[in-house]
Amino acid sequence: MLPSFIEKHCHLDKTLLGDRWRSVPSVNNIFERLESEKEVVPSLETTTKELADQQALQTFEGRLSYEIVAFPQHGLLQTKTKDLVKEALDRGADFVGGVDPATMDGDIEASLNSMVEPAVEGNAGIDLHLHDPYHLGIFTMKRLAQFTNEAGLQGQVAISHALGLGDISASQAEEMAELLAEAGITIISSVPIDRKFPPINLLREKGVAVAIGCDNIFDVWSPFGNGDVLARASRLAEISGWTDEQSLAQTLSFITNGKTPLNSKGTQVWPKPGDEASIVFVEASCSAEAVARRSSRVATIYKGNIVSSSLEDIRNN
């Protein structure tokens, strides 16, 4: 019995899962990829609703919780979508999205300010998708931390990918971790296997909230992925060399909002009286095995209600 899994980074509006198989041609840069996306998505025989079920919040009401990011895929300034983002917040979106203020928007200060302003006005959070590497990415993170503190948005800002954190020395990463922790900024990683990514363990040790997500699930960016966030947690443990039972079990914290059955001392901390009855049952002898073996899910309970089950006796009772 494990805490409910949480997918912290998923582009449901772009997935091709459910459509026909296709490979992903190589491109020279992100702008060519964006142009490819503009051509492919409108041409799909399968509708966006069928691919992502854009009425998912109604269809699955009472079966899941959610947060919506108003995400300007092709750049907030580049596509002049600030007003659309504000409209999305008025309609219930929870976060202002952003992507690579330097590379995509060409102006770090103006781009970040265009995220912070509507977030403050709309009482929303921020989710910046930051792929810019090395010191360009680090500088952007430092400026966002400053904006966050000045605007009083501590605890409401996330940086997805944050690849620059994987490009710097351990001492520099420690300094950045302390800065991010002070600003209450969450780091979300998709655990890429083709480049360095943020030092997850170091960030956690320094008090930075860390989560992982699948990001793209078979789309024009990648032909891989099936949306299994437990498999993504297992990949993190494998890449990181976390093989002992305690380390494997603690990996669950990145897909459960910090909840794990055992704490770092091996003491049971979940569940306890008063905890929400949102639970996943897996075929495993312990949480460490569930992570390492990517165990099959048997049943899922959300707030006390069975929403998915492969066992007839559970469903019938």
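How many of the residues of strand β4 (residues 125-130) are buried? The count is 6 of the 6, so the strand is largely enclosed by the rest of the structure. Buried means under 20% relative accessible area, exposed means over 50%, and partly exposed lies in between, with a 1.4 Å probe and protein chains only. Strands (E, at least two residues) and helices (H or I, at least four) are DSSP runs, numbered from the N terminus.

This is a predicted model, in which local features need pLDDT of at least 70 and side-chain atom pairs count only at pLDDT 80 or more, while totals for chains, interfaces and linings use all residues. Residues are numbered from 1 along each chain as its sequence is written, and side-chain values use heavy atoms, with hydrogens and water left out.

In a regular strand the side chains alternate between the two faces of the sheet. In β4, Gly125, Asp127 and His129 point one way, Ile126, Leu128 and Leu130 point the other way, and all are buried.

Strand β4 belongs to an open sheet of 6 strands with parallel pairing, in the order β2-β3-β4-β5-β6-β7. The edges are taken by β2 (69-70) and β7, each with a single partner strand, so one side of each has no neighbour in the sheet. Two strands pair if DSSP finds at least two bridges between them. Strand β3 (residues 95-99) pairs with β4 in the parallel sense over 5 bridges, and Val96 has Ile126 in β4 as its bridge partner. The chain passes from β3 through α5 to β4 in a right-handed β-α-β crossover. Right-handed means that, with the strands pointing away from the viewer, the path from the first strand over the helix to the second runs clockwise. On to β5: 5 bridges join β4 to this strand, and the two run parallel. Here Leu128 has Ile159 in β5 as its bridge partner. Together, β4, helix α6 (residues 134-151) and β5 make a right-handed β-α-β unit. Further along, β6 and β7 pair in the parallel sense over 3 bridges.

Side chains of opposite charge can pair when their charged atoms come close. The whole structure holds 12 salt bridges, a salt bridge being a side-chain nitrogen of Lys or Arg within 4 Å of a carboxyl oxygen of Asp or Glu. One of them joins Glu117 and Lys86, at 3.6 Å from N to O. Glu117 lies in helix α5 (residues 108-121) and Lys86 in helix α4 (residues 82-90), so this pair ties together parts 31 residues apart in sequence. Both residues also belong to a network of salt bridges that links Lys82, Lys86, Glu117 and Glu121. Another salt bridge is formed by Arg195 and Asp167, whose closest N and O atoms are 3.3 Å apart. Arg195 is partly exposed, at 28% relative accessibility, whereas Asp167 is buried, at 18%.

The second largest pocket has a volume of about 1,100 Å³. Of its 34 lining residues, the closest to its centre are Asp194, Asp215, Asn216, Trp221 and Ser222. A pocket is found on a 1 Å grid over the protein atoms alone, as an open set of points with protein on both sides within 12 Å along at least five of seven lines, and lining residues have an atom within 4 Å of a point. Helices α1 (30-43) and α9 (229-240) each supply at least two residues of this lining.

Notes:
1 Å grid on protein atoms, 1.4 Å probe; cavity = no way out; pocket = protein on both sides within 12 Å on 5 of 7 lines; lining within 4 Å. Points joined across faces, edges and corners; volume = space filled by probe spheres on them.
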